[in-house]
Amino acid sequence: MTAQEEVAIVDVPKRKRAGLEWILEESFEGWYLMHSKRTLRDIELVRAAMSTGKAVGLVMLKTLGKGVGYVYYIAVAKANRKRGIGKILLEDALRHFKASSLEEVFASVEEDNEPSEALFASEGFTRTSFGEVSKKHGSLHALNMYREMLVVPGEVLLRRTIT
Ligand SMILES: CC(C)(COP(=O)(O)OP(=O)(O)OC[C@H]1O[C@@H](n2cnc3c(N)ncnc32)[C@H](O)[C@@H]1OP(=O)(O)O)[C@@H](O)C(=O)NCCC(=O)NCCS
């Protein structure tokens, strides 16, 4: 059976999110782990990939302002990686943003995080820069977006449009 057939994506309300922390513990370390746990508690939308009644992955989504979506964190439990679950979560996120009439989506990944960049590239995301974002949104707005996305040195910003 393929991941597509056996995985369901569901909304996770705030009161149930603590049950997903173990996936973050398997996926991040140090500051990222701490920050991802805080974001899991507070962010507007968390979607989880469920397989045989158990969560196997999650994505945290946010709207950054008019027309712009942000994939804050995406993580798949170690035992379930490379089976297409990250891709299902990302495709679901893109459908969600499209249904909310957003026009572009950003994500930031660590420069050397090959699996993550491969996942986003497989869904049409390409690298962008502060210069490009400023050109489109103006430098003040771009600065605010970068702040909200918490893009830090050593990370690259990825972008794709939604059509
Ligand atoms: C990044 C992550 C979510 C990918 O999830 P996944 O379920 O293993 O990814 P998928 O199986 O859906 O693969 C999606 C694409 O990425 C590629 N990919 C996945 N893992 C890869 C790896 N280790 N090396 C190279 N490519 C990889 C796949 O080949 C696939 O590309 P294709 O469609 O062109 O074949 C997972 O590795 C993870 O949880 N990592 C730790 C957390 C993290 O770094 N999150 C991202 C930053 S927020």
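**Exercise 1. Overall architecture**

Which pattern does the protein follow when read along the sequence?

*Solution.* The structure is a predicted model, in which local features need pLDDT of at least 70 and side-chain atom pairs count only at pLDDT 80 or more, while totals for chains, interfaces and linings use all residues. Residues are numbered from 1 along each chain as its sequence is written.

Step 1. Helices and strands are taken as DSSP runs, numbered from the N terminus: H or I with at least four residues for helices, E with at least two for strands. On this basis the protein has seven helices and seven strands.

Step 2. Their order along the sequence is α-β-α-α-β-β-β-α-β-α-β-α-α-β.

**Exercise 2. Dimensions and burial**

State how the radius of gyration of the protein relates to that of a compact globule.

*Solution.* Step 1. The radius of gyration is taken over C-alpha atoms, and the globule rule is 2.2 Å times the number of residues to the power 0.38. For 163 residues a compact globule would have a value near 15 Å, and the protein, with 15 Å, agrees.

Step 1. The C-alpha trace spans about 45 × 35 × 30 Å along its principal axes.

Step 2. A residue is buried if 20 or more other C-beta atoms, placed from the backbone, lie within 10 Å of its own C-beta, exposed if 12 or fewer do, and partly exposed in between. Buried residues account for 28% of the 163 residues.

Step 3. Two residues are in contact if their C-beta atoms, placed from the backbone, lie within 7 Å. Of the contacts between residues at least 6 apart in sequence, 66% join residues at least 24 apart.

**Exercise 3. Strand pairing**

Trace the pairings that link β1, β2, β3, β4 and β5.

*Solution.* Step 1. Two strands pair if DSSP finds at least two bridges between them. β1 (residues 7-11) and β2 (residues 45-51) pair in the antiparallel sense over five bridges, with alanine 8 opposite methionine 50 of β2.

Step 1. β2 and β3 also run antiparallel, joined by seven bridges; here leucine 45 stands opposite leucine 61 in β3. Their hairpin has two residues between the strands, and threonine 52 takes a positive phi near 40°.

Step 2. β3 (residues 54-65) pairs with β4 in the antiparallel sense over eight bridges. Glycine 65 faces valine 68 of β4, and in the turn of this hairpin, which has two residues between the strands, glycine 67 has a positive phi of about 80°.

Step 3. Valine 68 has glutamate 104 as its bridge partner in β5.

Step 4. β4, α4 and β5 make a right-handed β-α-β unit: with the strands pointing away from the viewer, the path from the first strand over the helix to the second runs clockwise.

Step 5. Nine of the nine residues of β4 are buried, so this strand is largely enclosed by the rest of the structure.

**Exercise 4. Loop residues with positive phi**

Describe the setting of lysine 82 and of serine 101.

*Solution.* Step 1. Most residues other than glycine have a negative phi.

Step 1. Lysine 82 lies in the loop between β4 and α4, and serine 101 in the loop between α4 and β5.

Step 2. Lysine 82 is exposed because its count is 9 other C-beta atoms within 10 Å. Serine 101 is likewise exposed, with 9 other C-beta atoms within 10 Å.
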